[in-house]
Structure formats: C-alpha cells, structure tokens
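Good morning, and thank you for coming.

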Amino acid sequence: MAAVSTLSFNPAIVCCSRSGLSSNSHNTKAHFEPKKRILDVGMGLLAASVMALTPLEADATRIEYYATTADPPCDLSFVRSGLGFCDLSLGAGEEAPYSELINIHYTARFANGTVFDSSYKRGRPLTMRIGVGKVIKGLDQGIFGGEGVPPMHVGGKRKLQIPPGLAYGPEPAGCFSGDCNVPANATLVYDINFIGIYSGNRK
C-alpha cells in the first residue's frame with residue numbers, strides 16, 4: 001500500500017478543508033442539493049492512496065458496493081449517546097486499535113436511504129485513525145467502541161445509524177461553491193467493513 005495522504009472530502013472525517021466534511025467545515029449560506037456531484041471523499045481524516053487495482057479487483061469492489069446498497073435492514077441496538085448499531089458479521093481478527101490507522105470500506109447514506117458516498121465506488125478502502133477524534137464521533141464510537149458499543153474486529157461488518165449530534169450537527173457539511181453534500185441536522189447511516197489494520201503503523 002502506498003503512503004497515506006489526506007483527501008479533500010470525506011463524509012466521516014472531522015478535519016479542516018473548505019471542501020472537507022468536517023464538523024468545523026461549513027457554509028451557512030449553502031443549500032443542500034443531493035443530486036449535485038459528490039466531492040471526493042476524505043472522512044477530514046487520513047485516506048489511503050493505494051496502488052491501481054486490476055480490472056478484476058475493480059469489478060469486485062463495484063459488486064460489493066451494489067450489494068451494500070441492497071443490504072436488508074437489521075435490528076439496531078441504541079446506546080445512551082443515540083448511536084444505533086448492529087453487526088452483520090462479527091469478524092475474527094484484532095480489535096480496532098486506539099489511535100492507529102485502520103482500513104475500512106464503507107457505504108454512507110442519509111436516513112431516507114439515499115447513498116451520498118462510498119469507498120467501493122472509488123475502488124479502494126479508506127485509511128483512517130480511530131479513537132482520537134479524527135473522524136466524526138459516531139464513527140469513533142461505532143468502530144472503536146465505548147459507552148455500550150463493543151469494538152469492531154478485523155473482518156467485521158457493522159451498520160451504524162448516527163444521529164446529528166454525533167455527525168455534523170446543525171450546520172451543513174462538505175460545502176463547496178454553494179453546494180453541500182450533507183445538510184444540517186442530518187442522520188447518517190454507514191455500512192462499515194473493517195478490512196484490516198494499516199501496515200504502516202509504527203509500534
């Protein structure tokens with residue numbers, strides 16, 4: 001895997017670019033138009049810049065993406081923070097490690113089922129640092145665990161329903177040139193596939 005780089009936009013990150021999906025990145029005059037083009041993802045997180053995939057691998061990720069969009073609903077468990085979660089597959093690998101980089105695939109939707117971002121569509125997983133506030137709170141809690149949510153394990157697949165207070169709150173996010181990818185007070189639904197722990201982590 002190539003070196004880690006920062007992407008300009010990611011519906012999970014809380015970072016800081018004008019076009020980034022960050023809890024601090026907003027445009028109060030922007031309006032939400034879901035049919036506008038989606039900006040390239042970057043959870044204000046770190047994202048992995050990986051080697052080009054073979055056509056077969058690219059086809060596999062596209063198939064996986066379409067499969068996640070058709071996933072049946074599961075019975076969510078809700079914790080005090082308001083986060084809802086359910087495990088489609090528990091995984092048998094290591095737990096999500098505190099403050100280290102992990103690789104995930106994900107599909108992100110609004111509460112009405114509209115997909116607004118997916119790592120599968122780009123044909124590569126996202127590399128993100130978990131547990132230390134580098135992503136929106138709902139992803140930190142939903143993957144790393146805590147407050148009643150068990151940590152994810154490598155190989156696990158989990159659905160998360162993230163309320164606005166654990167996502168981007170009362171301001172729109174991912175705004176660029178007057179268009180925003182995420183409206184104010186949006187509830188987000190993520191399908192997370194915990195691929196593995198990033199091999200570049202230093203002990």
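I begin with Asp117, which is found in strand β7, residues 115–118. Helices (H or I, at least four residues) and strands (E, at least two) are DSSP runs, numbered from the N terminus. Please note that this is a predicted model, in which local features need pLDDT of at least 70 and side-chain atom pairs count only at pLDDT 80 or more, while totals for chains, interfaces and linings use all residues. Residues are numbered from 1 along each chain as its sequence is written, and side-chain values use heavy atoms, with hydrogens and water left out.

Is Asp117 buried or exposed? Asp117 counts as buried because its relative accessibility is 5%; buried means under 20% relative accessible area, exposed over 50%, and partly exposed in between, with a 1.4 Å probe and protein chains only. The side chain of Asp117 is joined to that of Arg122 by a polar contact of 3.0 Å. Such a contact is a pair of N or O atoms within 3.5 Å; within protein, one must be able to donate a hydrogen and the other to accept it, and residues adjacent in sequence count only if both atoms are side-chain atoms.

Next, Ser119 lies in helix α2, residues 119–122. Ser119 is buried as well, at 0% relative accessibility. Leaving aside residues up to four places away in sequence, Ser119 touches Ile104, His105, Tyr106 and Arg124, where contact means heavy atoms within 4.5 Å.

I turn now to the aromatic rings. A search of the whole structure finds three aromatic pairs. Rings of Phe, Tyr and Trp (its six-membered ring) pair if their centres lie within 6.5 Å; planes under 30 degrees apart count as stacked, over 60 as edge-to-face and the rest as tilted. One of the pairs is Tyr106 with Tyr190, and it is tilted because the planes stand at 45°, with the ring centres 5.9 Å apart. Tyr106 lies in strand β6 (residues 101–110) and Tyr190 in strand β12 (residues 188–197), so this pair ties together parts that are 84 residues apart in sequence. Both Tyr106 and Tyr190 are buried.

Phe110 and Phe116 form a stacked pair, because their planes are at 20°, and their centres lie 4.4 Å apart. Phe110 is buried at 9% relative accessible area, and Phe116 is buried at 3%.

Finally, the chain as a whole. Its secondary structure comes to three helices and twelve strands, and buried residues make up 47% of its 203 residues.
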